[in-house]
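Student: I have a model open and would like to learn how to read it. Could you walk me through it, one feature at a time?

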Amino acid sequence: GVPLEERSYGEDCRVFTPEHPTNKMAVVWATINDEFVVAHVLGWFGKAMVLRSYTLCILLSVGFEVMEVTFRHMLPNFNECWWDSWVLDVLICNFVGIYAGMAVVNRLNNDRRNALNSAAASAGAAAAAAAAA
């Protein structure tokens with residue numbers, strides 16, 4: 001295969017780029033259109049469904065970003081702008097994935113509880129009818 005082009009995420013950390021001809025926030029827009037945005041959201045969606053705890057997911061999300069900051073001298077991909085690490089990754093992408101995953105978990109738990117309650121109510125009604133007869 002053809003090797004992919006390396007992208008430097010921490011080279012230009014400007015949020016506002018007035019000299020750009022078409023987009024005044026070109027650096028931010030390029031980062032938002034990166035495949036890692038989708039990877040963060042889907043990854044945390046899956047993690048939330050497995051871990052089923054907002055607290056644990058948020059602690060791990062922050063912990064992973066601290067790890068990226070710690071090891072950015074070893075891995076060039078970890079060298080990101082502050083707003084990419086903390087705003088885009090943690091506060092937006094990871095939180096959206098965690099929220100969506102927990103919403104699915106809560107919905108499935110509620111459906112399960114409702115099904116169990118309906119079954120218990122039906123069994124209780126049947127037992128009462130049998131006792132009355």
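Student: Is Arg-52 buried or exposed, and where do the cut-offs lie?

Tutor: Buried means under 20% relative accessible area, exposed means over 50%, and partly exposed is in between, using a 1.4 Å probe and protein chains only. Arg-52 has a relative accessible area of 53%, so it counts as exposed. Keep in mind that this is a predicted model, in which local features need pLDDT of at least 70, side-chain atom pairs count only at pLDDT 80 or more, and totals for chains, interfaces and linings use all residues. Residues are numbered from 1 along each chain as its sequence is written, and side-chain values use heavy atoms, with hydrogens and water left out.

Student: Where does Arg-52 lie?

Tutor: Arg-52 sits in the loop between α2 and α3 (54-70). Helices (H or I, at least four residues) and strands (E, at least two) are DSSP runs, numbered from the N terminus. Arg-52 also has a positive phi of about 55°, although it is not a glycine.

Student: How many helices and strands are there in the chain?

Tutor: The chain has four helices and zero strands, and its elements run α-α-α-α from the N terminus on. With a radius of gyration of 23 Å, well over the 14 Å that the globule rule gives for 133 residues, the chain is more spread out than a compact globule. The radius is taken over C-alpha atoms, and the rule is 2.2 Å times the number of residues to the power 0.38. The C-alpha atoms fill a box of roughly 85 × 35 × 35 Å, taken along the principal axes.

Student: What share of the residues of the chain counts as buried?

Tutor: Of the 133 residues, 23% count as buried. The chain exposes about 9,100 Å², and carbon and sulfur atoms supply 68% of it. These areas come from the Shrake-Rupley method with a 1.4 Å probe, and for residues only the protein chains shown count as cover.

Student: Now for contacts. Which residues does Thr-17 touch?

Tutor: Contact means heavy atoms within 4.5 Å. Not counting residues up to four places away in sequence, Thr-17 touches Asn-23, Lys-24, Met-25, Ala-26 and Val-27. Thr-17 is found in the segment before α1 (26-32) and is buried, with a relative accessible area of 2%. Across the whole chain, among contacts between residues at least 6 apart in sequence, 63% join residues at least 24 apart.

Student: Is Ser-85 buried or exposed?

Tutor: Ser-85 has 1% relative accessibility, so it counts as buried. Ser-85 lies in helix α4 and, again leaving out residues up to four places away in sequence, touches Glu-65, Arg-72, Glu-80 and Val-90.

Student: Last topic: pockets. What is the volume of the largest pocket?

Tutor: Rolling a probe the size of a water molecule over the atoms shows where empty space is left. On a 1 Å grid over the protein atoms alone, a pocket is an open set of points where a 1.4 Å probe fits, with protein on both sides within 12 Å along at least five of seven lines; lining residues have an atom within 4 Å of a point. Grid points are joined across faces, edges and corners, and a volume is the space filled by probe spheres set on the points. Here the largest pocket has a volume of about 220 Å³.

Student: Which residues lie nearest the centre of the largest pocket?

Tutor: Of its 14 lining residues, Phe-36, His-40, Glu-68, Asn-77 and Glu-80 lie nearest the centre. Helices α2 (35-51) and α4 (82-132) each supply at least two residues of the lining, and the largest share, four residues, comes from α2. The lining divides into six nonpolar, three polar and five charged residues. In this scheme Ala, Val, Leu, Ile, Met, Phe, Trp, Tyr, Cys and Pro count as nonpolar, Asp, Glu, Lys and Arg as charged, and the others, Gly among them, as polar.
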